[in-house]
Amino acid sequence: MVENELSGWASRGRVVTDEGVLADGVVVVEGDRIVLVAPWEDARASAWAVHVEGLGATDETLVPGLIDLHCHGGGGASFPDAPDVATAAVAAREHLSAGTTSLVASLVTASPETLLERTAVLADLADAGEIAGIHLEGPFLSAARCGAQDPDLMQAPDAGLVREVARVARGHLVTMTVAPEVPGVAGAGGVADVLADVGALPSFGHTDAAAGEMRAAIEESFDRLAADGVRSRRPTVTHLFNGMRPVAHREAGPIPDCLAAAAKGRAVVELVADGTHVHPAVVRDVFDMVGPGNVVLVTDAMAAAGMPDGSYRLGSLDVLVVDGVARLTHGGAIAGGTAHLSQVLRVTVEGGVPLVDAVRAVTATPAEVLGRQDLGRLAAGARADVLVLGPDLSVRRVARAGTWVA
């Protein structure tokens, strides 16, 4: 990396762009924006040559800053349990230091009062630029597929509560996980419909839906999200395979519906591709089946991300982390992840997904879900979020909005 008196800087290495990979490329930044992405020789002959003189060849890979759409915490702090902005910021900064430059903070099923209190805290954190938005995982879910969500705090779908959460979120509500088969979620005036009204997306999950129920809900939402003012055209699916009825040859459940919708470009499926939630071979097969533009990789991380094994909390539930795997102390269900998104990226590539496809699933595609054209790309005009990786895809440096933060 070279910095100079013009308040800009440049980095050289293998550059992953929307179009593919530049084997020897340069990213040039002025202020908080990328101004040039080009092959090394072209950059030396450009108007930005002053930035690149003195850059030597490296073994590094440059990718856009990563975007995590589903994260409950890290660094010992938990978004669902954070009473104030300072506590919540600990979790956001833990992931920022590991390469996640845009993070959607996730809450869990809780009482309406708690959800509104925590949403207000996260809205302040979003106003401060520390997070990119808010995700509510619950409380309108299937108790039969509760996973690490407290079934005692689930409630009947309430469109009024959705509107109140959106009001408190002040435009930062991105997604809400809902079970499509629960009465009051789908249909005119239902929760999924109201989410579109308030500029957010339904994310279907924690579901015991029978074959066809998920398909109908996705199609209805896809049509509903065609209206002006929505964040993105496609609904999402919360951590595909986890927290939903499994596939069986005589009882299909919701998973084939999700895969079919994603393959048609009508939904985006999340995968917690950390090697624990979904086997890497299954992750690779999902990319092959639905296409890389229809998958987002997420962490589903909880407070233990970046921390040692031990006891933690996730909302109202106790969690024990052993050998890096988080499980409920009572019942043993997997209770979120402990990996950073950069680790998820590395596991995915090691599992056989091409680098360009895996990078897209942690940058450009989640940026589309956010409705942010300035994020998730190494291209002139984009926000200068740049992640510098070593040959093993480990994180070396992190820049957000043109400033090196790690």
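Guide: Over residues 61-405 the chain is 30% helix and 21% strand, with the end C-alpha atoms 18 Å apart; helices (H or I, at least four residues) and strands (E, at least two) are DSSP runs, numbered from the N terminus. That stretch carries the UniProt feature "domain: Amidohydrolase-related" (unreviewed entry); UniProt positions are in the numbering used here, feature names are shortened, and annotations may be inferred rather than shown by experiment. This is a predicted model, where local features need pLDDT of at least 70, side-chain atom pairs count only at pLDDT 80 or more, and totals for chains, interfaces and linings use all residues. Residues are numbered from 1 along each chain as its sequence is written, and side-chain values use heavy atoms, leaving out hydrogens and water.

Now the sheet: eight strands make an open one, ordered E6-E9-E10-E11-E12-E13-E14-E15, with parallel pairing (two strands pair if DSSP finds at least two bridges between them). Strand E6 (66-71) and E15 are the edges, each with a single partner strand, so one side of each lacks a neighbour in the sheet. E15 pairs with strand E14 (residues 268-271) in the parallel sense over three bridges, and Glu-270 stands opposite Val-296 in E15.

Follow the chain on from there: Asp-300 is in the loop between strand E15 (295-297) and strand E16 (310-314). UniProt lists Asp-300 for "active site" (unreviewed entry). Asp-300 counts as buried because its relative accessibility is 6% (buried means under 20% relative accessible area, exposed over 50%, partly exposed in between; 1.4 Å probe, protein chains only). Leaving aside neighbours within four places in sequence, Asp-300 is in contact (heavy atoms within 4.5 Å) with residues including His-70, His-72, Glu-137, His-239 and His-277.
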